[in-house]
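Hello,

Here is the structure I said I would pass on. Please open it first, then read the notes below it.

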Amino acid sequence: MKTLIGQAHQKRAALSALAVICEGCASPLIEGGHVEPLVTFAGDSLQSDNPALRGAALYALGQFAEQMVGAMTEFAPRVLQLVTGLLESCPDDLMKVFFLF
């Protein structure tokens, strides 16, 4: 159990760092062919049971979309499918909280 929690913390930290890194290093990430692995990593993390990890994944995907606009276009269908699935699986009582604020 501790290993899974530790892995979630490490993935969350990695996603947070990558989200910030892409702000200043979008061009090298795009030119180096790193966009697909970044989207895959964030997308896999978005499907986690850990809410903090899902939050970090959403933040990272948002930063990737903002900073690597053209390169992210081809991944839009995959990202939208993941986000839609996340919203559809969200409990009704939690959705009510989101819409109150």
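**The nonpolar core**

The largest nonpolar core has 24 residues, and those with the most contacts inside it are Leu15, Val35, Phe64, Met68 and Met72. Two or more residues of this core come from each of helix 1 (2-31), helix 2, helix 3, helix 4 (69-72) and helix 5. Please keep in mind that this is a predicted model.

Leaving aside its neighbours within four places in sequence, phenylalanine 64 is in contact with Leu18, Ala19, Cys22, Leu38, Ala42, Val69 and Met72.

**The overall layout**

The protein has six helices and zero strands. Along the sequence the pattern reads α-α-α-α-α-α. Of the 101 residues in the protein, 30% are buried. If you take the contacts between residues at least 6 apart in sequence, 70% of them join residues at least 24 apart.

**Helix 2 against helix 5**

How are helix 2 and helix 5 placed relative to each other, roughly parallel or roughly antiparallel? Their axes are 10 Å apart and the packing angle is about 10 degrees. Angles under 35 degrees count as roughly parallel, and helix 2 and helix 5 are therefore roughly parallel to each other.

On the helix 2 side, the residues that meet helix 5 are Glu36, Val39, Thr40, Gly43 and Leu46. On the helix 5 side they are Arg78, Val79, Leu82, Val83 and Leu86. By class, the contact of helix 2 with helix 5 has six nonpolar, two polar and two charged residues.

Leucine 86, in helix 5 (residues 76-88), deserves a separate look. Not counting residues up to four places away in sequence, leucine 86 touches Leu46, Arg54 and Leu58. Leucine 86 is also 7.5 Å from glutamine 47, C-alpha to C-alpha, although 39 residues separate the two in sequence.

**Two serines around the end of helix 2**

Serine 45 is in helix 2 (residues 35-46). Serine 48 is in the loop between helix 2 and helix 3 (51-67).

Is serine 45 buried or exposed? Serine 45 has a relative accessible area of 3%, so it is buried. Serine 48 also counts as buried, because its relative accessibility is 18% and the limit is under 20%.

Leaving out residues up to four places away in sequence, serine 45 touches Lys11, Leu15, Leu53, Arg54 and Ala57. With its neighbours within four places set aside, serine 48 is in contact with Leu53 and Arg54.

Arginine 12 lies in helix 1. Arginine 12 is partly exposed, with a relative accessible area of 40%. Its contacts, leaving aside neighbours within four places in sequence, are Ala52, Leu53 and Ala56. Between the C-alpha atoms of arginine 12 and arginine 54 the distance is 8.3 Å, and the two are 42 residues apart in sequence.

Serine 16 is found in helix 1 as well. Serine 16 is partly exposed, at 31% relative accessible area.

**The cysteines**

A disulfide is a covalent bond between the sulfur atoms of two cysteines. How many disulfides are there in this model? With a limit of 2.5 Å between the sulfur atoms, the count comes to zero.

Cysteine 22 is in no disulfide, and the nearest cysteine sulfur, that of cysteine 25, is 8.9 Å away.

Cysteine 22 counts as buried because its relative accessibility is 0%. Cysteine 25 counts as partly exposed, at 34% relative accessibility.

Regards

Technical notes. Residues numbered from 1 in each chain as written. Predicted model: local features only at pLDDT ≥ 70, side-chain atom pairs only at ≥ 80, totals over all residues. Heavy atoms only, no water. Helix = DSSP H or I, 4+ residues; strand = E, 2+ residues; numbered from the N terminus. Buried < 20%, exposed > 50% of the residue type's maximum accessible area, 1.4 Å probe, protein only. Contact = heavy atoms within 4.5 Å. Core = buried A, V, L, I, M, F, W, Y, C linked by side-chain atoms within 4.5 Å. Axes fitted to C-alpha atoms, helices over the stretch in contact; angles between N-to-C directions. Parallel < 35°, antiparallel > 145°, perpendicular 65-115°, else oblique. Nonpolar A, V, L, I, M, F, W, Y, C, P; charged D, E, K, R; others polar.
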